Amino acid sequence: MWRYILKRLAQALPVVLGVIVFNFTLIQLAPGDPVTLLVGDYPATEEYTRQVRADFGLDQPVPVRLARYLEQLARGNLGFSFANRMPVGELIAQRFGPTLMLMLTALGLAILIGIPLGVIAARNRGRLSDWVAQVGALAGYSTPDFWMGQLLILIFAVALGWLPSQGMRSARSVATGMQATLEVFPYLILPAFALGFRYIALLSRITRSAMLDALSADSVMGARAKGLSERRVLIAHVLRNAALPIVTVIGYNLGLLIAGSALIETVFSWPGVGRLLFDSISKRDYPVMTAILMMVSITVVIANLITDLVYAALDPRVRYAR
Amino acid sequence: MKKLTRRTFLKVSAGGAAAAGLAACTPAAPAAPAATAAPAAATAVPAGPARGGTAVIVMDSDPDTLNLGVTSNYSSGDVGAKLYNGLIWVDTNFGIKPSLAESWTISPDAKVYTFKLRQGVTWHDGKPFTSADAVYTFQEILGKFHPRSQALVKRMKSIEAPDANTLVITLVDPYAPLLLQLNVFEAPMLPKHLFDGQGDVLKNPAGLKPIGTGPYKFVEWTKGASVKLARYENYWEKGKPYLDNLVFPIIPQAANRGTALETGEADFLASFYLPLTDVERLSKSDKLNQKRGIAFPAIYFMMMNNATPALAKKEARQAIAFAVDRARIITQANAGIGRIGRGPFGDGFKWLLDPAVDYSKMYPRDVAKAKSLLDAAGVAAAADGTRAKLRLVVDSARAPFVTAAQIIKENLKEIGIEVEVQAVERAVMTQKVYTDRDYDLTLQSFVSSGDPAIGYHRLYVTTTTRVASTNATGYSNTVVDGLFAKAAVTPDQGARAALYVEAQKILADEMPTLVLYDDDTVNFASKKLAGVFGAIDVRDRWEDVSLTK
């Protein structure tokens, strides 16, 4: 198994490298000069512009910059953000926690809500509850998440006043330590739900169809014939078999969450990596942008690997032989 | 050197002159600072404003840096104005008030400025502030890194510190807006001991953990979330600041900034961050005070690329001025906020206005007249009625510009000009307009920073360098250049006005750029805040702000 994992990781290396080179080159070919944004909204002298350009190594041709970038990357240095004027590693470290918290909560919501919804729908196929769940899932899947976010703010923050509209904690808060961590909770609800909404819809739909497939298997008839309780049949026989496509969807669609977080973090002023990515693109902050995309590609590669391993554990037919 | 008193000087200085001019034009102007700076009266506590509490000031993005000496970024200025001091500050009537400079004298030839610096001022790390800090700040930081003040420092022949509390600035030529430009945004004083010999100024840690002499000291900056400051107990203005803490949450989504005020999560929202579409809604809130029109003048305009064949002749540009419905732009694109552009400088500086130059009279909307001017310019109609195809480039993040562009497109269609609106990211817009000049029309805005010589000359002077926020039209008139150059070095305001009047006549005729409207800022503050809006820039003078119960 370890050999398999190592092999998979080795295979991922060129992918990650490709992502870095591709993104690094592509954004530099895009129109828009970061120096014009750095020197501010007032005519800077040419001398000053030249100096800023040189200070951040932007006076070199793209291949030279790429080579330098890869070289420092190999030494574990992610570079210096010129828009934020601080090391990229530090910057991302500050913002990584909030994004992880948001993504995991959204993922948790999706699993805890999406799968039971799908099970209920499959169990009641053709009845009202199935119909409601199906329409709900379709609506959920086709709702843009930033719009959903805005709607949640209007309803739960502005109109009802139940939850805060933005940020991670109250601007006036003086709490520290555990108290500060607990304060985050009410702030997490709306963005996590907005981010997880499409995922809930996706999971409930996949669960429903996988359950229906599994329900029609002969083994289910056998289990029922043995006199097992319906609950037991559903959980031990149906859901277990239906788990394969569900796990696949969860793992392979993790990218959806990462992409969604760029929008949701902006809508809810959530200080995460997604928003940092968005800002770094508009400011042409190449080092930050490349580092985040690299991180995203690594995350996706690892998520896919874990999915495959879980898959193998669930299904004896799939083994990481060779 | 003959000494002038401050009072005498104010009469001839830019700021004072502007104030005098303003006062003359609008004798009934309300005394804004006095009106808002008396919170104690309401609470009947004779001891003065209440102390304590936290005020929450909304921002739209992280500051570029908290070293205010190397940036003109708005958010950096917002936080920086509380952390640092300039030598002076500017009140709502353009009046120049002492800050770190207690007093000053000016030589009769208006070239030598001698500042008496305040004694007993300390940096947030406890070290004393001296003239050596001031000299270092000008020479090594502002002169080399500040986007606006670099040019100012180049006008200085020498910057000297004869003793610890005296600063002498000698100019090459007189420069009218000098004092005004010594405010905290243009010339914040920085601690020499943290920069001298510490390597790259742009990468100095003091940019992230700043030390200033201002009323609030730095506590924490969580990127993407907030910046926190706390009262500096040893601030030189005894008893101030009143607030314990200032917090600046970063709210990138425009619509959510107003929401934060409505829900009480925030207390203050400056015009700069406010989407105009929210003004009407926020105006109805009984929790908020609204303040209109205090800011350094700023104009919104459409540059016309003089290198585009269809725009090369002045008649063609005049035709566009006749065709564009500027009143509709203000109403529909700008939520009714703004004053219709009166002339090449708008109407923000009352003292330099020429009664004869008024675009509403010179260029009223007149399609027939516009068409005949296009004929005169040789921009003839093809068989299908089309005279020209022009690209109108705007920054897609500026919603009012995107709407205005659609209105202009409709307007120009009436005179046979097809407009293709190109709404692009700011980085792309900057490159297309300023670096490549690959555009025909573009919507932009410039802030005057208090004097036309600082902020408006750049719109019309001959510009060969392709730098952002300059004249990208290619328009060049040596007479205008000469008038501007002279106006910048003429200390007497009346004499300056005469020069500007002459320049305005030429510009109104040659129309290199059409001024659409003047900024009319709308700021919102929680009714709990007292003492806000004391300075012309709403980000300044938060040492005077307090919270009522």
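In this predicted model, the largest nonpolar core holds 133 residues. Six of its members touch the most others: B:V227, B:L229, B:L246, B:F268, B:L529 and B:W542. The largest share of this core comes from helix α8 of chain A, residues 177-215, which supplies 16 residues. A second, separate core has 118 residues. Among them are B:L152, B:V424, B:A487 and B:L514.

Neighbours within four places in sequence are left aside here.

Chain B as a whole contains 20 helices and 21 strands. Its radius of gyration is 24 Å, close to the 24 Å that the globule rule gives for 549 residues, so chain B is as compact as a globular protein of that length. Along the principal axes, its C-alpha atoms fill a box of roughly 75 × 55 × 50 Å. Buried residues account for 62% of the 549 residues. Of the contacts in chain B between residues at least 6 apart in sequence, 71% join residues at least 24 apart. The accessible surface of chain B is about 19400 Å², and carbon and sulfur atoms make up 54% of it.

Chain A carries a nonpolar patch on the surface. The patch consists of A:F146, A:W147, A:L151, A:L154, A:I155, A:V158, A:L160, A:W162 and A:L263. Together these residues have about 860 Å² of accessible area. Helix α7 of chain A, residues 145-159, gives the most to the patch, with six residues. A:L154 lies in this helix.

How values were computed:
Residues are numbered from 1 along each chain as its sequence is written. Chains are lettered from A and ligands numbered from 1 in the order in which they are written. This is a predicted model: local features need pLDDT of at least 70, side-chain atom pairs count only at pLDDT 80 or more; totals for chains, interfaces and linings use all residues. Side-chain values use heavy atoms; hydrogens and water are left out. Patches are made of residues with over 30% relative accessible area and no salt bridge: like charges are joined within 9 Å, nonpolar side chains (Val, Leu, Ile, Met, Phe, Trp, Tyr) within 5 Å. Accessible areas come from the Shrake-Rupley method with a 1.4 Å probe; for residues, only the protein chains shown count as cover. A salt bridge is a side-chain nitrogen of Lys or Arg within 4 Å of a carboxyl oxygen of Asp or Glu. Helices (H or I, at least four residues) and strands (E, at least two) are DSSP runs, numbered from the N terminus. The radius of gyration is taken over C-alpha atoms; the globule rule is 2.2 Å times the number of residues to the power 0.38. Buried means under 20% relative accessible area, exposed over 50%, partly exposed in between (1.4 Å probe, protein chains only). Contact means heavy atoms within 4.5 Å. A nonpolar core is a set of buried Ala, Val, Leu, Ile, Met, Phe, Trp, Tyr and Cys residues joined through side-chain atoms within 4.5 Å.
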